[in-house]
Amino acid sequence: MKSPLGRADRAAATTTKLPALHGRLAETHGRDQPAPSRTRRIQVACRLPDGSVRETQHAVPDTPLFLDAAGAFARGTLIRTEAGPGAVEDLIPGDRLPCAGGGTETLVWIGSTLLAPGAGALSRVTADAFGLGRPSPDVLAGPGARLLHTQPRLGAAPGGALRVLSRVNEFVDGASVIEIAPPSPVRLYHIALARHAVIYAGGLEVESFHPGTQAQQGLGPNMQALFLSLFGHVETFDDFGPLACPRLSRETMEHLKEA
């Protein structure tokens, strides 16, 4: 059975409209932030607490917070499931995904959006960039994708190591990880599990979706409600639970190494 999100142009069952674009948007987005001039559409399939799956379509501000929610993996990215690798667009809520460190988790949410030319860059992680089969084949990642990696000099003890999550686009070096400006629209996806975890995309250890522990800061109450409306399986930001691993930018890690 293919995911309903694999049909990019299908009319959605429900549409959540962007509240008060002209006038109140600055208030709902946080008074200290300018109102975005563009909107983005996100298609969602979510497993509800009663086990049913609901499809919705949402018009949201075209801001990094909302792009991250659906902008991790390009169409065709192979995600490891209990049944074997499957293209991200073919996943459906209820699928079971193996997690790094052992065990499996249930996929409860999948969102997708189109990245238009000139609206942002993608990162092509070339085959074997992080070791044999990591990835295999190439993986095309969006701005919302984070990669699990080891920093041997960041452990609490001398010689210790810390496993951290950093954005894939921070690894761009022009050789093994290449920045791509897509000449035509690319559909991107992200997936959320029953709990935040590290999963496998093309052999890479990457995170499932989590908005972050500080995501609601700077957002007005209406914008918080709009963001949460994407996720039928949660009611508050706290419902996303803790992060499976810490998130650190590579710039922050360099400062820690020098300290």
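Which residue stands opposite R41 in β3? In this predicted model, where local features need pLDDT of at least 70, side-chain atom pairs count only at pLDDT 80 or more and totals for chains, interfaces and linings use all residues, the residue opposite R41 is A59. Residues are numbered from 1 along each chain as its sequence is written, and side-chain values use heavy atoms, with hydrogens and water left out.

Strand β2 (residues 39-47) and strand β3 (residues 53-61) pair in the antiparallel sense over nine bridges, where strands are DSSP runs of E with at least two residues, numbered from the N terminus, and pairing requires at least two DSSP bridges between two strands. Five residues lie between the strands of this hairpin, in which G51 takes a positive phi near 95°. β2 also pairs with β8, in the antiparallel sense over four bridges, and there A45 has I110 of β8 as its bridge partner.

I110 leads on to the largest nonpolar core, where I79, I110 and I191 touch the most other members among 26 residues. Such a core is a set of buried Ala, Val, Leu, Ile, Met, Phe, Trp, Tyr and Cys residues joined through side-chain atoms within 4.5 Å, buried meaning under 20% relative accessible area with a 1.4 Å probe and protein chains only. The elements that give two or more residues to this core are β8 (104-115), β10 (139-141), β14 (186-193), β15 (198-201) and β16 (204-207), and β14 gives the most, with three residues. A second, separate core holds 23 residues, including F66, F209, L230 and V234.

Methods:
Buried means under 20% relative accessible area, exposed over 50%, partly exposed in between (1.4 Å probe, protein chains only).
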